[in-house]
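The sequence and structure come before the details.

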Amino acid sequence: MARVPVVAGWFTGEGGDGEAGEEGFRLLGTRCTACSAVFFPPERDFCRDPCCPGGELTGVPLSRRGRIWSYTDARYRPPAPYASDPDTPWRPYTLIAVELAAERIVVLGQAAPGVTPADLSVGMTAEAVPGVLGEDTGAVRTTWWWRPVAAGR
């Protein structure tokens with residue numbers, strides 16, 4: 001099946017489902033040339049900093065690792081307009097907000113499969129890895145996951 005990013009231009013590569021191809025995988029943001037602010041998701045039209053006079057926006061790969069800023073679990077199906085099949089059983093998942101120190105931003109994402117809130121603590125290191133959101137109409141929808149980094153890795 002074809003591998004298609006959930007949102008084109010938000011990460012490098014096609015994503016995957018774990019270990020394979022992780023080294024070249026990066027989230028992509030934009031940096032304003034006037035104020036150096038970095039944005040994720042990438043901004044295409046204007047600098048979001050209200051104090052900035054405006055500059056050119058250039059694409060930048062973001063740090064692969066950061067520190068967990070916050071985390072939670074999603075134990076219920078969100079209401080509309082969230083798109084999901086109501087006939088499919090809901091599977092809880094973990095959300096992680098990771099602070100990228102070099103970029104001075106926090107990026108939210110789903111945790112890698114098997115990672116629960118019990119596995120996490122604020123301040124621990126996590127890394128962006130390729131993931132698969134699901135399959136539909138003959139395509140594998142790729143995304144990113146946050147995975148805690150084991151000590152010594």
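## Strand pairing

Strand 7 and strand 9 (residues 139-148) pair in the parallel sense, over two bridges. Pairing here requires that DSSP finds at least two bridges between the two strands; strands are DSSP runs of E with at least two residues, numbered from the N terminus. Gln110 has Trp145 as its bridge partner in strand 9. This is a predicted model, in which local features need pLDDT of at least 70 and side-chain atom pairs count only at pLDDT 80 or more, while totals for chains, interfaces and linings use all residues. Residues are numbered from 1 along each chain as its sequence is written, and side-chain values use heavy atoms, with hydrogens and water left out.

Strand 7 (residues 105-111) also runs antiparallel to strand 6 (residues 93-100), joined by six bridges. Across that pairing, Leu95 stands opposite Gln110. Four residues lie between the strands of this hairpin, where Arg104 adopts a positive phi near 60 degrees.

## Thr143 in strand 9

Strand 9 contains Thr143. Is Thr143 buried or exposed? Its relative accessible area is 11%, so Thr143 is buried (buried means under 20% relative accessible area, exposed over 50%, partly exposed in between, with a 1.4 Å probe and protein chains only).

With neighbours within four places in sequence set aside, the residues in contact with Thr143 include Val6, Phe11 and Phe25, as well as Val129, Pro130, Gly131, Val132 and Leu133. Contact means heavy atoms within 4.5 Å.

## Salt bridges

The model has five salt bridges, defined by a side-chain nitrogen of Lys or Arg within 4 Å of a carboxyl oxygen of Asp or Glu. One of them joins Glu43 and Arg48, at 2.8 Å from N to O. Glu43 is buried at 12% relative accessible area, whereas Arg48 is partly exposed at 36%.

In another, the closest N and O atoms of Glu127 and Arg64 are 3.8 Å apart. This pair links distant parts of the chain, 63 residues apart: Glu127 belongs to strand 8 (residues 125-136), and Arg64 to the loop between strand 4 (57-61) and strand 5 (65-74). Glu127 is buried at 3% relative accessibility, and Arg64 is buried at 15%.

Asp73 and Arg75 form a salt bridge at 2.7 Å, N to O. Here Asp73 is partly exposed at 26% and Arg75 is exposed at 58%. Elsewhere, salt bridges with shared partners connect Arg64, Arg65, Glu127 and Arg147 in one network.
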